[in-house]
Amino acid sequence: RPAVLLEWLTGLFSADWPAFAAHPGCWVRLATMAASGLDAAHRAGLVHGRLTSDSFALTSDGVLKVNDFGEPAWLASLAPTSSVEVSVAADLRAFGQVAFGWSQLAGRKRVARTKGFPEALWGVIRRLEADAEPPMADTVPLAQPYQSAGELLSDLKRVARETPFSDDAWEKLLK
């Protein structure tokens, strides 16, 4: 008989995060932790296939957990469909949509002293959401997609050095 052992996650799923997650420094820290988890799973041969904002939970200790990796299709809460692409590239594009959502959290509430999102971070999101093939054969893709989560992780670490971090915003996010 098939059996699965799952860790019971405690924390707040990213769909419920407060607006402080959209602070550029917090966003980079969250995205870096997520990319690190994706990279580790992909290097181990696991592909998620169903990444959504509910796939990421932030613990009260400030650790981001990526859940449901390697979960068999019969255990997934969604009915399995054959139209879902299960690949590293699909995981990265799905993470791009989630990361874009995190960047928009500040639009829901006004966060004091939050500056606009830096262009370098928008570049990361554009590369995450980019398709390898442009929709029309006569167009040039605007951004080259990431080939791996490791490439994304190194890009995020580079961008993190240039992005101001606010301990105050991070502490408010964890509360």
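Residues are numbered from 1 along each chain as its sequence is written, and side-chain values use heavy atoms, with hydrogens and water left out. Because the model is predicted, local features need pLDDT of at least 70 and side-chain atom pairs count only at pLDDT 80 or more, whereas totals for chains, interfaces and linings use all residues.

The chain has five helices and three strands, where helices (H or I, at least four residues) and strands (E, at least two) are DSSP runs numbered from the N terminus. Read along the sequence, these elements follow the pattern β-α-β-β-α-α-α-α. Of the 175 residues, 38% count as buried, a term that means under 20% relative accessible area, with exposed meaning over 50% and partly exposed in between (1.4 Å probe, protein chains only). Among contacts (heavy atoms within 4.5 Å) between residues at least 6 apart in sequence, 77% join residues at least 24 apart.

The three strands form an open sheet in the order 1-2-3, with antiparallel pairing; two strands pair if DSSP finds at least two bridges between them. Strand 1 (12–13) and strand 3 (64–66) are the edge strands, each pairing on one side only. Strand 2 (residues 56–58) is joined to strand 3 by three bridges, and the two run antiparallel, with Ala57 standing opposite Lys65 in strand 3.

Helix 1 (residues 24–43) lies across strand 2 and strand 3 and runs at about 35° to strand 3, where axes are lines fitted to C-alpha atoms, for helices over the stretch in contact, and angles run from 0 to 180 degrees between N-to-C directions. In soluble globular proteins, nonpolar side chains tend to be buried together. The largest nonpolar core here has 39 residues, and those with the most contacts inside it are Trp17, Trp27, Leu30, Phe95, Trp102 and Leu152; such a core is a set of buried Ala, Val, Leu, Ile, Met, Phe, Trp, Tyr and Cys residues joined through side-chain atoms within 4.5 Å. The largest share of this core, nine residues, comes from helix 1.

Helix 1 also meets helix 5 (167–174), and their axes come within 9 Å and cross at roughly 60°. The two helices are therefore oblique to each other, since angles under 35 degrees count as roughly parallel, over 145 as roughly antiparallel, 65 to 115 as roughly perpendicular and the rest as oblique. In this contact, Cys26, Arg29, Leu30 and Met33 in helix 1 meet Ala169, Trp170 and Leu173 in helix 5, a set that divides into six nonpolar residues, no polar and one charged. Here Ala, Val, Leu, Ile, Met, Phe, Trp, Tyr, Cys and Pro count as nonpolar, Asp, Glu, Lys and Arg as charged, and the others, Gly among them, as polar.

Leaving aside neighbours within four places in sequence, Cys26 is in contact with Phe20, Ala21, Phe165, Ala169, Trp170 and Leu173. Cys26 and Pro164, 138 residues apart in sequence, are 9.2 Å apart in space, C-alpha to C-alpha, while the C-alpha atoms of Arg43 and Ala149, 106 residues apart along the chain, are separated by 9.0 Å.
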